[in-house]
Amino acid sequence: MALDITILVGTMTGTAQLVAQELELRLDGGDTTARAVLMDNLTASAIEPRKLYLICSSTYGQGDVPDNAKQLYESLQTLRPDLTGMSYGVIALGDRTYHDTFCNGGRRFDRILSDLGARRIGDILLHDASAGTMPEEVAAEWIDGWMALCREELGEKSAAC
Ligand SMILES: Cc1cc2nc3c(=O)[nH]c(=O)nc-3n(C[C@H](O)[C@H](O)[C@H](O)COP(=O)(O)O)c2cc1C
């Protein structure tokens, strides 16, 4: 089944962008299209409800989304579009030394998207910067399982239509 994935990147210092670029390189080709897009200047109207998204976001401040993701996050909260039909995965980057707010940036996106009717595929990938693993390598290992789940779940959905 052909998949068209938009990777939305929330980042402060570029790590999430590096992860997204690695995934874009791995995924784009054959029957899969993948495009990494920085969240800068995006608002809720940029989200197309029938599409497949991968949110790749770090965490800053008191467990907030990074600065370049704030406009999108806040407009989702304010405009509250109906996102029924949208499917998404989440890669959340954080650091476990921030105990109470670990990976909250990605978790916040998960919460608002599911509140608005979108369906998450698979578990959130939580990356801990203090663990000493490279996030782009962890994500590259995780992505095949996520893609398999997407094919399974979206294939079933189109068969049911
Ligand atoms: C000032 C600052 C605040 C941070 N706050 C959190 C936090 O509250 N929770 C968390 O899990 N990680 C936090 N982090 C860790 C980053 O999210 C993590 O290092 C991430 O990999 C950075 O990705 P980026 O370069 O894409 O922004 C913080 C890092 C910095 C420098």
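**Close-up 1. R120 and D110 join in a salt bridge whose closest N and O atoms are 2.9 Å apart.** This pair ties together distant parts of the chain: R120 sits in strand β5 (residues 119–120) and D110 in helix α3 (residues 104–115), 10 residues apart. The term salt bridge is used here for a side-chain nitrogen of Lys or Arg within 4 Å of a carboxyl oxygen of Asp or Glu. Helices (H or I, at least four residues) and strands (E, at least two) are DSSP runs, numbered from the N terminus. R120 is partly exposed, at a relative accessible area of 31%, whereas D110 is buried, at 12%. For these words, buried is under 20% relative accessible area, exposed is over 50%, and partly exposed lies in between (1.4 Å probe, protein chains only).

A word on the model before the next view: it is predicted, so local features need pLDDT of at least 70 and side-chain atom pairs count only at pLDDT 80 or more, while totals for chains, interfaces and linings use all residues. Residues are numbered from 1 along each chain as its sequence is written, and side-chain values use heavy atoms, with hydrogens and water left out.

**Close-up 2. R119 forms a salt bridge with E153.** Here the closest N and O atoms are 3.2 Å apart. The two partners again come from distant parts of the chain, with R119 in strand β5 and E153 in helix α4 (residues 135–160), 34 residues apart. R119 is partly exposed at 32% relative accessibility, and E153 is partly exposed at 22%. Leaving aside residues up to four places away in sequence, E153 touches R119 and I121; contact here means heavy atoms within 4.5 Å. For a sense of scale, E153 and D100 are 53 residues apart in sequence and 32 Å apart in space, C-alpha to C-alpha.

Close-up 3. How many salt bridges does the rule count? The count comes to 8. As a general point, side chains of opposite charge can pair when their charged atoms come close.

**Close-up 4. Helix α3 has buried residues covered by other elements, including β5.** The helix has 12 residues and reaches 16 Å from its first C-alpha to its last, close to the 16 Å expected at 1.5 Å a residue. That expected span is 1.5 Å times one less than the number of residues. Buried in α3 are N104, G105, G106, F109, D110, I112 and L113. What covers the buried residues includes β3 (52–57), α2, β4 (87–94) and β5. Just after α3, G117 takes a positive phi of about 105°.

**Close-up 5. Strands β1 and β2 pair in the parallel sense.** Strand β1 (residues 3–10) and strand β2 (residues 32–38) do so over 7 bridges; two strands pair if DSSP finds at least two bridges between them. T6 has R35 in β2 as its bridge partner. From β1 the chain crosses through helix α1 (residues 15–27) to β2, in a right-handed β-α-β crossover. Right-handed means that, with the strands pointing away from the viewer, the path from the first strand over the helix to the second runs clockwise.

**Close-up 6. The cysteines C56 and C150 are in no disulfide.** Searching the whole structure finds 0 disulfides, a disulfide being a pair of cysteine sulfur atoms within 2.5 Å. For C56, the nearest cysteine sulfur is that of C103, 11 Å away. C56 is buried, at 0% relative accessibility. For C150, the nearest cysteine sulfur is that of C56, 14 Å away. C150 is buried too, at 0%.

**Close-up 7. N41 and C103 have positive phi values.** Most residues other than glycine have a negative phi. Phi of N41 is near 65°, and this residue is found in the loop between β2 and β3. C103 has a phi of about 60° although it is not a glycine, and its place is in the loop between β4 and α3. Which of the two is buried, and which exposed? N41 is exposed, with a relative accessible area of 67%, whereas C103 is buried, with 1%.
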